[in-house]
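Please open the structure in your viewer and keep the selection tool at hand. We will go through it one stop at a time.

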There are 2 protein chains.
Amino acid sequence: MAGAPEDGSGAPIAIIAGGGQVPVHLARSMADRGLAFVVVMLKGDADPALAAYDHIAVNPVELARFKHFMLDRGVRTVTLVGSVRGRPDIGRFRPDWTTLRFIGRIVGALGRGDDALLRAVVGMMEDGGLKVVGAHELEPDLVAPAGLLGSVAVPKGQRASIDTGVAAATTLGALDAGQAVVVVGRRVVALEGAEGTDAMIERVAQLRAIGRLGRKKGGVLVKLRKPGQDIRVDMPTIGPQTVRHAAAAGLAGIAVHGENTLVMDRAATVEAADRAGLFLVGLTPDPVALTSGEGPDDG
Amino acid sequence: MAGAPEDGSGAPIAIIAGGGQVPVHLARSMADRGLAFVVVMLKGDADPALAAYDHIAVNPVELARFKHFMLDRGVRTVTLVGSVRGRPDIGRFRPDWTTLRFIGRIVGALGRGDDALLRAVVGMMEDGGLKVVGAHELEPDLVAPAGLLGSVAVPKGQRASIDTGVAAATTLGALDAGQAVVVVGRRVVALEGAEGTDAMIERVAQLRAIGRLGRKKGGVLVKLRKPGQDIRVDMPTIGPQTVRHAAAAGLAGIAVHGENTLVMDRAATVEAADRAGLFLVGLTPDPVALTSGEGPDDG
């Protein structure tokens, strides 16, 4: 287990897996590298492909089963990856006693934004003696660097859109509402709420198709880490699908938070962007200095 | 013309009419009260019913025709009402010479938000010697007062949602992106961009239907005047349709900016809210003091 970056003991790392392809990608990569891991599949969210590994499938309120599995496998380090689409449906489950001890914290966090909910979950794990690490610590290649990722440069005409988007996404993040915005010209045309990034970009495609954005071409998707966001458990994420949606919406490119964004299947993502003629840029990670002016361009 | 609040001369007031029912409602009300007016119907937006009055139908770039009509009818006062769904499609029209003189200002404003565009238009009108008045000055009954509009009180459990919504809508407005947000619990689940308020509430209904908002019931629509918004030409607007959408999305009520919001067909709007069991409240108009705590409640 010499390659395990966070746990030299040989004890397996638990991948607590929500939906989407990030957990699948991470598990495959860890298996390829011979790292010891187990998977906690969140029912209703985790990809069934993860059942190929040593795993348990749990509801978020079945903490006793979760705890037993952790102890049984000797897990001391966990990583939380993937999306949790629905809020835990407390009414439908009969929570176990372990869960009931923590239920106050969960219920308190449920009414707030995603960050509060995740902070409560991470706090519970840490109180239970587990170390929580980010997926990017287990696979650094998952993270977008600062700078151009593909071969398409940022057109000069899109720099102002990026700057407007950075300001808007920072504000949006401070509300704990979402991570992403779409800017056309200097106009913020869409802001992400509970619908998620892909649905928001689809909306932009529809608005453009019916002429609600005027004739202005281009535009950018800007996706940033929220100010209160714990990137160990909830990094902004893009992937090939993000690029496809952005291309369908007629955007000129995508700007993400450098060193603070997961890129799912980077090779496929960059290839999709290059093929569609979209730029893909990681902005400087310092949120204060975030500006398109620091990034590469075509000038 | 003793009833004309802004122009005692007997000269007609021009209603510059975008889409929706506000211009129709205003024209009908002015006709009922025997006030002199003419209608400038914006092609593609204005309701055809307005052609029943003395009118001209123009494209936004046909300023010479517009100016000629104004001079011919002796108009000195205008009001701009209704929505302009598409941005002016400059490429498709052959602008006249009068328009060309102003085109720089329009093009400059097109890339920005709605406020900038409207400020440019209002500036052009005022430079041309026209007085721009708000629809609410012509018909005070169109404006939401501060306080409860219907018979349903604000439930105590929704007050925190209103407060969260006021903070989020204020922030959103400062970005000049939109006027409205939906908050469920203390979570901002949707923010209005170019799609408009109705489409945003429909999205919330869809998200709720597929379980993306969890099991939490209720929620509020908060719609506020943007900090930079000129209420003479672009007041936040609600109407019976807003209430129907909000009810379909399972919201508990609607909070608007008191004395700064147009209520289209107030009788029908209030009746729809009462029938659906939704509260409808005008918040105090002072944006600094905006808080649900100052409004009426059921306690």
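Predicted model: local features only at pLDDT ≥ 70, side-chain atom pairs only at ≥ 80, totals over all residues.

Begin with chain A as a whole, which holds 9 helices and 13 strands, and in which 56% of the 299 residues count as buried. If you consider the contacts in chain A with a separation of 6 or more, residues 24 or more positions apart account for 73% of them.

Next, select residues 197-209 and 240-248 of chain A, which are helices H7(A) and H8(A), and whose axes come within 8 Å and cross at roughly 15°. Because an angle under 35 degrees counts as roughly parallel, these two helices, H7(A) and H8(A), are described as roughly parallel to each other. H7(A) passes H8(A) in a left-handed crossing. To see where they touch, show the side chains of A:Asp198, A:Ile201, A:Glu202 and A:Ala205 in H7(A), which meet A:Gln241, A:Thr242, A:His245, A:Ala246 and A:Ala248 in H8(A). Sorted by class, this contact has 4 nonpolar, 3 polar and 2 charged residues.

The contact is formed by A:Pro240, A:Val243 and A:Ala247 of H8(A), together with A:Ala268, A:Thr269, A:Ala272, A:Ala273 and A:Ala276 of H9(A). By class, it has 7 nonpolar residues, 1 polar residue and no charged ones.

Now move to chain B and select residues 159-174, helix H6(B), whose 16 residues reach 23 Å from the first C-alpha to the last, close to the 22 Å expected. Which residues of H6(B) are buried? They are B:Ser161, B:Ile162, B:Gly165, B:Val166, B:Ala168, B:Ala169, B:Leu172 and B:Gly173. These buried residues pack against several strands of chain B, including E7 (180-184) and E9 (220-223), and also against strand E8 (187-191) of chain A. After H6(B) comes B:Asp176, whose phi is positive, near 55°.

Finally, select residues 22-32 of chain B, helix H1(B), where the buried residues include B:Val22, B:Leu26 and B:Met30. Among the elements of chain B that the buried residues of H1(B) pack against are strand E1 (13-17), strand E2 (37-42) and helix H5 (135-138). H1(B) is followed by B:Gly34, whose phi is positive, near 70°.

Methods:
Residues numbered from 1 in each chain as written. Chains lettered and ligands numbered in written order. Heavy atoms only, no water. Helix = DSSP H or I, 4+ residues; strand = E, 2+ residues; numbered from the N terminus. Expected span 1.5 Å × (residues − 1). Buried < 20%, exposed > 50% of the residue type's maximum accessible area, 1.4 Å probe, protein only. Contact = heavy atoms within 4.5 Å. Axes fitted to C-alpha atoms, helices over the stretch in contact; angles between N-to-C directions. Parallel < 35°, antiparallel > 145°, perpendicular 65-115°, else oblique. Left-handed = near helix turned anticlockwise from the far one by under 90°. Nonpolar A, V, L, I, M, F, W, Y, C, P; charged D, E, K, R; others polar.
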